Amino acid sequence: MIRELAYLRVASPRHEDWVAYATEVLGCQLAPRGADGSVRLRVDDAAHRITVSPGGADAFEAAGWGFVNETELAAYVARLRGTGLRVAEGTPEECADRAVAGMWWVTDPWGTRHEFVWGQQRHPGTFWPGRRISGFVSDDFGLGHIVLIAPSLAEADAFYCDLLGFTLSDRVDEEFMKVRFYHCNGRHHSLGIAEVPGTVGFNHLMLEVRNLDDVGTGYDLARQQGHPIVRALGRHTNDLMTSFYMSTPSSFQIEYGCGGLVVDDRTWVASTNDRPSLWGHDLTDWGRDNPPGILNKLEEVAR
């Protein structure tokens with residue numbers, strides 16, 4: 001089964017802006033560039049976890065999901081194919097670009113690409129943050145979590161839970177926000193799906209740091225350097241993360257937080273929350289006036 005969110009790939013005409021933003025605000029380390037000039041970023045000893053490629057428009061390219069070993073990934077691919085799902089093998093060039101030993105990929109019902117990998121390259125003892133932080137919570141739980149936007153929660157649940165094998169953690173169900181959260185390890189959720197009828201997109205990537213001071217200094221740096229705050233500091237009801245949301249140079253958001261809940265499948269019970277936050281996370285004027293991420297109309301994706 002899926003072990004972790006191994007990496008994220010996006011494209012953007014402002015990929016160069018990530019060099020300063022990711023190191024000075026987020027605290028990521030720069031990795032060697034991709035062959036196409038991609039900005040690659042590290043949050044731990046993995047070769048790279050975030051890739052921002054040159055592109056004519058902001059776009060979600062792929063999420064990479066890591067497996068324990070080659071045998072488990074082969075069994076997983078065989079199971080997916082047994083359901084009739086089309087599963088393609090990554091090329092040697094794609095595997096080299098992702099710094100993995102092997103890769104297969106699928107698309108969800110709306111064309112969003114998910115890659116399944118094993119053997120992600122690591123360079124032990126080499127991670128050095130771009131600014132002074134205590135470090136990222138990643139080694140046991142992967143990069144963080146992503147929240148995607150889909151037109152139907154029912155269809156998304158059938159694909160991500162029933163087919164891909166994610167486990168439902170809980171959900172938020174209120175008038176203007178309907179989201180399902182899924183886990184694949186101890187992190188409360190590695191994947192969230194928000195329902196927006198007629199829309200496909202990418203809302204945010206969560207990066208978890210090790211203490212509240214790292215969050216607070218990130219908040220100050222984002223404001224000082226002109227990166228819009230989308231939601232102010234707050235604490236979530238479901239994973240108890242204390243965090244804030246900021247806009248990146250590429251339309252989607254980063255949730256930057258600490259203190260996320262660790263779940264145990266032997267005792268965890270999925271629930272429904274009637275609001276997303278215990279306190280805070282107030283939407284700013286910038287957040288009200290701008291789209292909540294990289295959005296595409298369903299009819300445009302289907303072309």
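## Buried and exposed

A residue counts as buried when its relative accessible area is under 20%, and as exposed when that area is over 50%. In between, a residue is partly exposed. R9 has a relative accessible area of 7%, so R9 is buried. This structure is a predicted model.

## Salt bridges

The whole structure holds 19 salt bridges. One of them joins the side chains of R9 and D97, with N and O 2.9 Å apart. These partners come from distant parts of the chain, 88 residues apart. R9 sits in strand β1 (residues 4-12), and D97 sits in helix α3 (residues 92-98). D97 has a relative accessibility of 19%, so D97 is buried too.

This pair belongs to a network of salt bridges. Its members are R9, R40, E61, E94, D97, R98, R113 and E115.

K178 and D173 form another salt bridge, at 2.6 Å from N to O. K178 has a relative accessible area of 33%, so K178 is partly exposed. D173 is also partly exposed, because its relative accessibility is 31%.

E208 and R187 make a salt bridge as well, with their closest N and O atoms 3.1 Å apart. E208 belongs to strand β13 (residues 199-208), while R187 lies in the loop between β11 (177-183) and β12 (191-195). The pair therefore ties together parts that are 21 residues apart in sequence. Are these two residues buried or exposed? E208 is buried, at 8% relative accessibility. R187 is buried, at 4%.

## A buried charge without a partner

D239 lies in the loop between β14 (229-236) and β15 (242-247). D239 is buried yet has no salt bridge. How far away is the nearest side chain of opposite charge? That side chain is R187, at 7.3 Å.

What does D239 touch? Leaving aside residues up to four places away in sequence, its contacts are H145, H188, H189, G259, G260 and L261.

## Aromatic rings

The structure contains 13 aromatic pairs. In one of them, the ring centres of Y76 and F116 are 5.2 Å apart. Their planes meet at 75 degrees, so this pair is edge-to-face. Y76 is part of helix α2 (residues 70-82), and F116 is part of strand β8 (residues 113-118). The pair therefore ties together parts that are 40 residues apart in sequence. Both residues are buried.

Ring pairs also link W18, Y21, F60, F202 and F252 into a cluster. A charged residue meets a ring elsewhere. R113 lies over the face of W105, at 3.9 Å from the ring centre. R113 also belongs to the salt-bridge network described above.

Which way do the neighbouring strands run? β13 pairs with β16 in the parallel sense, over 5 bridges. Here, L207 has Y256 of β16 as its bridge partner. β15 and β16 run antiparallel and are joined by 6 bridges. Y245 has E255 of β16 as its bridge partner.

β15 and β16 also form a hairpin, with 5 residues between them. In the turn, S251 has a positive phi of about 80 degrees.

Conventions: Residues numbered from 1 in each chain as written. Predicted model: local features only at pLDDT ≥ 70, side-chain atom pairs only at ≥ 80, totals over all residues. Heavy atoms only, no water. Salt bridge = Lys/Arg side-chain N within 4 Å of Asp/Glu carboxyl O. Helix = DSSP H or I, 4+ residues; strand = E, 2+ residues; numbered from the N terminus. Buried < 20%, exposed > 50% of the residue type's maximum accessible area, 1.4 Å probe, protein only. Phe/Tyr/Trp six-rings, centres within 6.5 Å; stacked < 30°, edge-to-face > 60°. Lys NZ or Arg CZ within 6 Å of the ring centre and 35° of its normal. Lys, Arg positive; Asp, Glu negative; His and termini not counted. Contact = heavy atoms within 4.5 Å. Pairing = 2+ DSSP bridges.
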